[in-house]
Amino acid sequence: MDCLEQFQALKLGKKIRYIIYTLSPDNTEIVVAKTNESTNYDDFLAELPPAECRYAIYDFEYQKGDEGKRNKIVFVTW
């Protein structure tokens, strides 16, 4: 249930910038491996191990012309 709670905190609370999920040691469930408040995309990429499977959710913020800042939640399979 921690996975859902962390996602809600990212989506509604805007305190978490990204969540990285992994499989439990017995491969029976998805668990939260890491959450972070860093707004730097490179920090997010540095947390992803090069040779291991991960799932992640990243709250991507961008500027859309004169309309201001926008946010999109992106699901990443690694």
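Let me start with a term: buried means under 20% relative accessible area, exposed over 50%, and partly exposed in between, with a 1.4 Å probe and protein chains only.

Okay, what we have here is a predicted model, where local features need pLDDT of at least 70, side-chain atom pairs count only at pLDDT 80 or more, and totals for chains, interfaces and linings use all residues. Residues are numbered from 1 along each chain as its sequence is written, and side-chain values use heavy atoms, leaving out hydrogens and water.

On confidence: pLDDT is the predictor's confidence in each residue, from 0 to 100. The protein averages 91, and 99% of the residues score at least 70.

Now the aromatics. Rings of Phe, Tyr and Trp (its six-membered ring) pair if their centres lie within 6.5 Å; planes under 30 degrees apart are stacked, over 60 edge-to-face, the rest tilted. That gives us seven aromatic pairs. Take Y55 and F75, which are stacked, at 6.3 Å centre to centre and 15 degrees between the planes. Y55 sits in strand β3 and F75 in strand β4, 20 residues apart, so this pair links distant parts of the chain; strands, by the way, are DSSP runs of E, at least two residues, numbered from the N terminus. F75 is exposed at 54% relative accessible area, while Y55 is partly exposed at 26%.

Then there's F60 with Y62: centres 5.7 Å apart, planes at 20 degrees, so stacked. F60 is partly exposed at 37%, and Y62 is partly exposed at 26%.

Last one: Y18, Y41, F44 and Y58 form one aromatic cluster.

How values were computed. Helices (H or I, at least four residues) and strands (E, at least two) are DSSP runs, numbered from the N terminus.
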